[in-house]
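Hi everyone, thanks for coming.

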Amino acid sequence: MPQPAMRLSAPGLHAPHAAAGPALAAIGRAATLALHDELALHPKPGLVSYVDTGSHQDMDAGTFLRSLFALRHAYPRLATLGFEGAGWAALQACGIQAERRMLAATGGINTHRGAIFNLGLLCAAAGWRLAQGLALTPAGLRHTLQTIWGPALADRARLTPPSHGGAAVRAHGLRGANEEAAAGMPVLFDVAWPALQQALAAGWGWDAARAQCLLAVMAVLDDTNLAHRGGLAGLREAQAMSQTFLADGGMGQGGAWERLAALHRHFVARRWSPGGAADLLAAACWLQRVCAGGPPR
């Protein structure tokens with residue numbers, strides 16, 4: 001697939017909409033590619049890939065591909081809304097419409113609700129910065145999220161959604177996706193992104209770097225998807241296993257892939273699925289594509 005990063009240079013302060021069109025499209029296309037980056041990785045504990053369905057019985061890789069296809073126009077639209085300086089209500093309406101298309105494509109199965117939220121916010125922030133002629137850097141995107149839509153995100157964080165994740169937040173006092181976004185996505189920018197960059201700098205390659213990034217997120221994230229299936233005890237055990245894996249050398253240790261496969265089987269046996277961590281892996285892959293020139297060749 002083509003790498004979009006080279007098309008993402010800002011066309012100038014308050015760029016004309018038509019001139020920014022290709023860059024906005026590339027920002028959105030990077031989101032779809034990043035979701036595929038997540039899907040294609042195997043093994044990854046409890047999660048769907050092309051090899052198996054992980055801890056899920058109601059979805060497979062085909063379900064995810066139909067979802068990706070249904071979302072292909074939503075992310076460029078969210079980038080365009082950001083470029084236009086749209087308010088929170090417009091972003092939310094676009095996200096709701098995208099979610100409906102996803103559910104229609106998957107027969108009502110939630111494959112990417114969290115990713116619509118996280119990646120949609122990032123696309124909107126990138127579009128806004130493009131309009132201002134500002135660089136698309138991780139720090140800059142985080143700053144834009146907090147300054148432009150921070151108050152709306154803080155209001156949203158006070159509400160607990162009527163979802164399995166929302167139920168886990170209420171039951172266990174966890175920090176959900178809304179709270180993460182309102183705080184400026186600290187697990188994405190302070191954990192996932194550095195882990196991905198460090199693994200790439202170590203020369204581990206794109207596959208191992210994505211796996212390292214996923215484990216780093218799983219070690220610290222209040223993953224409400226996992227808590228819904230495994231309870232608080234399951235979440236804490238999964239975090240501890242991820243921390244031990246990283247402390248033993250992560251993907252740089254001997255037999256790392258075999259050990260990761262064993263972790264995958266352990267999760268599948270318990271029906272644990274760290275879907276929140278998977279969403280942040282996709283977000284980190286999007287940062288790599290938009291801010292760092294794409295995956296290594």
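I'll start with the whole protein and then stop at a few places along the chain.

A quick word on what you're looking at: this is a predicted model, where local features need pLDDT of at least 70, side-chain atom pairs count only at pLDDT 80 or more, and totals for chains, interfaces and linings use all residues. Residues are numbered from 1 along each chain as its sequence is written, and side-chain values use heavy atoms, with hydrogens and water left out.

Okay, the big picture. How many helices and strands are there in the protein? There are 14 helices and zero strands. If you read along the sequence, the pattern is α-α-α-α-α-α-α-α-α-α-α-α-α-α. The radius of gyration is 18 Å, close to the 19 Å that the globule rule gives for 297 residues, so the protein is as compact as a globular protein of that length. When I say helix, I mean a DSSP run of H or I with at least four residues, while a strand is a run of E with at least two, and both are numbered from the N terminus. The radius of gyration is taken over C-alpha atoms, and the globule rule is 2.2 Å times the number of residues to the power 0.38.

Along its principal axes, the C-alpha trace spans about 55 × 45 × 30 Å. Of the 297 residues, 54% are buried. Buried means under 20% relative accessible area, exposed means over 50%, and partly exposed is in between, using a 1.4 Å probe and protein chains only. Now take the contacts with a separation of 6 or more: 71% of them are between residues 24 or more positions apart. A contact, by the way, means heavy atoms within 4.5 Å.

Next stop, His-264. You'll find His-264 in helix α13, which covers residues 256-270. Is His-264 buried or exposed? With 5% relative accessibility, His-264 counts as buried. Its side chain makes a polar contact with the side chain of Asp-52, at 3.1 Å. A polar contact is a pair of N or O atoms within 3.5 Å; within protein, one must be able to donate a hydrogen and the other to accept it, and residues adjacent in sequence count only if both atoms are side-chain atoms. Leaving aside neighbours within four places in sequence, His-264 is in contact with several residues, including His-42, Pro-43 and Asp-52.

Let's follow that over to Pro-43. Pro-43 sits in the loop between α1 (17-40) and α2 (61-70). What kind of peptide bond joins His-42 and Pro-43? That one is a cis peptide bond, with omega about -5 degrees.

Met-185 has phi near 50 degrees, a positive value in a residue other than glycine. Met-185 lies in the loop between α9 (177-182) and α10, and it is buried, with a relative accessible area of 3%. Arg-271 also isn't glycine, and its phi is positive, near 65 degrees. You'll see Arg-271 in the loop between α13 and α14, and at 46% relative accessibility Arg-271 counts as partly exposed.

Now some helix packing. In helix α6, residues 138-148, the buried residues are Pro-138, Gly-140, Leu-141, Arg-142, Thr-144 and Leu-145. What do the buried residues of α6 pack against? They pack against α5 (113-132), α7 (150-157), α10 (186-201) and α14 (275-291).

Over in α5 we find Gly-127, which is buried with a relative accessible area of 0%. Leaving aside neighbours within four places in sequence, Gly-127 is in contact with Leu-24, Ile-27, Ala-79, Gly-82 and Phe-83.

Last stop: Ala-216, in helix α11, residues 205-218. At 10% relative accessibility, Ala-216 counts as buried. Again leaving aside neighbours within four places, Ala-216 is in contact with Val-191, Ala-195 and Leu-246. Ala-216 and Pro-194 are 22 residues apart in sequence, and their C-alpha atoms are 9.5 Å apart in space.
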